[in-house]
Amino acid sequence: MQSNQLDADLKERVEKAIAKLGFRVTVGQVAAAAGVRLSQAEQALKALAYDSLGNLEVSTAGEVVYAFERDFVGKIRQRSWLQRLRPLWKRAVNVGSYVARVAFGTALVVSALLVWLAVIAITSSRDDNRRDSGYDGYGGRGFVFFDPTDFLLIWDPRYGRHSRQRVDSGQNMTFVEAVFSFVFGDGDPNMGFEERRWRALGAHIQRLGGVLSAEEMAPFLDPPSLGRSVRRGSEKYEDESFVLPALIRFNGEPFVDDEGRLLYKFPDLQVVASTPSVRLTASEAKVPLEREWKFSEASPGQQAGALLLGVVNVVGVITLSTMLADPISKLALYRQGLGFVLGLLPALQAYAAGFFALPALRLFVDGRRNAAIDDRNDNRLEAVSLLQSGDPDLAAKSASARKLGSTRVIGRQDIVYTTDKGTEEQVNAQEADEFDRRLGVNRRSLPPSGESRRIDDVFGRREQRVRQQQREAEKIDVDWEDRGNSSSSSSKRGAAERRSRQRDDDWDRLDRW
């Protein structure tokens with residue numbers, strides 16, 4: 001299975017793009033709709049067409065169209081057990097991610113309880129009155145009992161999506177998830193930014209006919225700042241190297257128009273198999289902007305609770321570590337059935353230290369990230385303002401790009417070869433079309449079979465032939481009268497009639513062929 005070798009994310013994005021485009025696509029269409037490189041789109045289309053027994057169609061100009069059946073994804077999964085296991089594997093990964101988040105938050109609760117239970121046990125052992133009275137903690141005599149399964153009740157069993165996706169969808173966190181969010185955050189807020197902006201740019205290029213300027217691509221890329229004053233002339237950016245990622249991804253090429261203005265052409269995105277192309281949603285059609293990193297998506301109350309519990313845990317770890325400097329305290333823990341806490345103490349200390357060290361580090365890193373994000377977003381909005389400013393030089397440049405841009409739709413009538421028909425049948429059809437072309441006839445416009453028309457009039461030549469015969473007969477009469485050769489007139493007329501009949505026979509043979 002060729003599709004098993006594809007990246008799972010690439011395969012999923014290309015499959016969605018094929019479905020949105022109507023299951024008959026070109027490489028450029030899929031690259032623009034999925035936001036992937038042209039080479040990646042071509043590789044994925046070949047693999048999916050091979051595994052799903054899709055068809056390849058070749059136009060008269062040599063463009064290739066990939067045609068898929070509507071259930072091509074199901075056919076691929078039926079042929080490969082690995083494809084059937086991928087959804088299960090993805091769900092298992094989501095489960096593991098959820099368990100890790102919940103386990104970390106539960107660990108804080110367990111750590112605080114263990115630490116303070118150990119402190120209470122040591123303190124009670126030093127109190128002669130409590131020891132003589134047989135204080136038994138939470139369990140039986142001389143033994144502190146703790147059941148960690150009690151905290152399973154606060155686990156949310158509804159899992160299945162990444163933390164960032166859950167936050168974006170508006171789902172509330174549980175407290176144990178809020179603890180994880182407080183320490184590690186909620187993932188990259190721009191997780192799907194690259195895909196969104198390349199899809200938006202691809203649709204923008206196709207909408208403008210495949211030819212546009214750097215200024216028209218700038219809002220979708222990472223342009224430099226224009227500065228306080230906009231440059232005069234058609235080139236508003238001193239350095240247009242920021243368009244290189246778009247040229248590499250969509251196989252674009254720079255060129256200069258007749259007025260010396262620098263434009264960029266994307267030939268592969270000018271060829272489509274259907275029109276209109278994929279339509280973006282209202283949010284996707286907007287200029288994509290990056291979102292800032294937030295410290296935590298948990299509610300203020302959840303953050304305060306996590307902070308308070310973290311402080312309680314740190315104070316307890318420090319207190320317990322101080323007490324355990326006395327050997328008698330260690331003996332007291334063994335007597336109370338909490339001797340295992342001694343082995344867990346290094347991990348508890350590392351957990352307490354990391355609980356506040358990691359958030360402090362994130363605050364510093366996120367601050368620098370957000371400053372860079374603000375600068376990039378400001379430059380993109382600046383590029384949008386430039387396009388809306390009505391600059392005459394920029395307007396003339398855009399008008400030139402529109403004149404030079406075009407979109408070619410490959411229809412069924414443009415296909416000369418397809419893999420769903422036999423080669424010999426298509427070769428014969430091409431030869432017949434070529435013969436008709438030389439005769440000036442379009443075979444595609446022939447009347448349906450079964451019409452009551454003569455075989456010699458199938459191609460619409462009967463009237464033309466009658467007129468030609470009349471002209472030849474008139475010419476023979478004129479020649480005969482001018483020469484005044486009455487003796488040979490009957491023989492000449494007979495010869496002309498024989499030539500006319502021979503020509504009719506030739507036309508009949510051509511029509512029957």
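A crossing of two helices is called left-handed if the near helix is turned anticlockwise from the far one by less than a right angle, and right-handed if clockwise. Keep that in mind for the first pair of helices below. What you have here is a predicted model, in which local features need pLDDT of at least 70, side-chain atom pairs count only at pLDDT 80 or more, and totals for chains, interfaces and linings use all residues. Residues are numbered from 1 along each chain as its sequence is written, and side-chain values use heavy atoms, with hydrogens and water left out.

Let's start with the overall picture. Of its 513 residues, 40% are buried. Buried means under 20% relative accessible area, exposed means over 50%, and partly exposed is anything in between, using a 1.4 Å probe and protein chains only. Now take the contacts (heavy atoms within 4.5 Å) between residues at least 6 apart in sequence: 72% of them join residues at least 24 apart.

Next, how do helices sit against each other? Two packed helices are described by the angle between their axes and the distance between the axes. The axes are lines fitted to C-alpha atoms, for helices over the stretch in contact, and the angles run from 0 to 180 degrees between N-to-C directions. Look at helix α1 (residues 8-20) and helix α2 (residues 27-34): their axes come within 9 Å and cross at roughly 115°. That makes α1 and α2 roughly perpendicular to each other. (Angles under 35 degrees count as roughly parallel, over 145 as roughly antiparallel, 65 to 115 as roughly perpendicular and the rest as oblique.) The crossing of α1 past α2 is right-handed. On the α1 side you'll find Arg13, Val14, Ala17 and Ile18, which meet Val30, Ala33 and Ala34 of α2. Sorted by class, this contact has six nonpolar, no polar and one charged residues. Here Ala, Val, Leu, Ile, Met, Phe, Trp, Tyr, Cys and Pro count as nonpolar, Asp, Glu, Lys and Arg as charged, and the others, Gly among them, as polar.

Side chains of opposite charge can pair when their charged atoms come close. A salt bridge is a side-chain nitrogen of Lys or Arg within 4 Å of a carboxyl oxygen of Asp or Glu, and the structure holds 21 of them. Arg13 makes one with Asp9, with the closest N and O atoms 3.2 Å apart. The two are four residues apart in helix α1, so about one helical turn separates Arg13 and Asp9. Arg13 is buried at 17% relative accessibility, while Asp9 is partly exposed at 41%. Helix α1 also holds Lys16 and Glu12, again four residues apart, about one turn of the helix, and their side chains meet in a salt bridge at 3.5 Å, N to O.

Phe23 has a positive phi of about 70° although it isn't a glycine, and it is buried, with a relative accessible area of 12%.

What about salt bridges that reach across the sequence? Glu57 and Arg412 pair up at 2.9 Å, N to O. Glu57 is in strand β2 (residues 55-59) and Arg412 is in the loop between β8 (408-409) and β9 (415-418), so the pair ties together parts that are 355 residues apart in sequence. Glu57 is buried, with a relative accessible area of 6%, whereas Arg412 is exposed at 58%. Elsewhere, Glu194, Arg197, Asp222, Glu290, Arg376 and Arg380 are linked in a network of salt bridges.

Finally, find helix α8 (residues 175-184) packing on helix α15 (residues 340-387) at an angle of about 60°, with the axes 7 Å apart. At that angle, α8 and α15 are oblique to each other. From α8 come Val179, Ser181, Phe182, Val183 and Phe184, and from α15 come Tyr351, Gly354, Phe355, Leu358, Pro359 and Arg362. This contact has eight nonpolar, two polar and one charged residues. Gln302, in helix α13 (residues 300-323), is buried at 18%. Leaving aside neighbours within four places in sequence, Gln302 is in contact with Met173, Thr174, Phe175 and Ala178.
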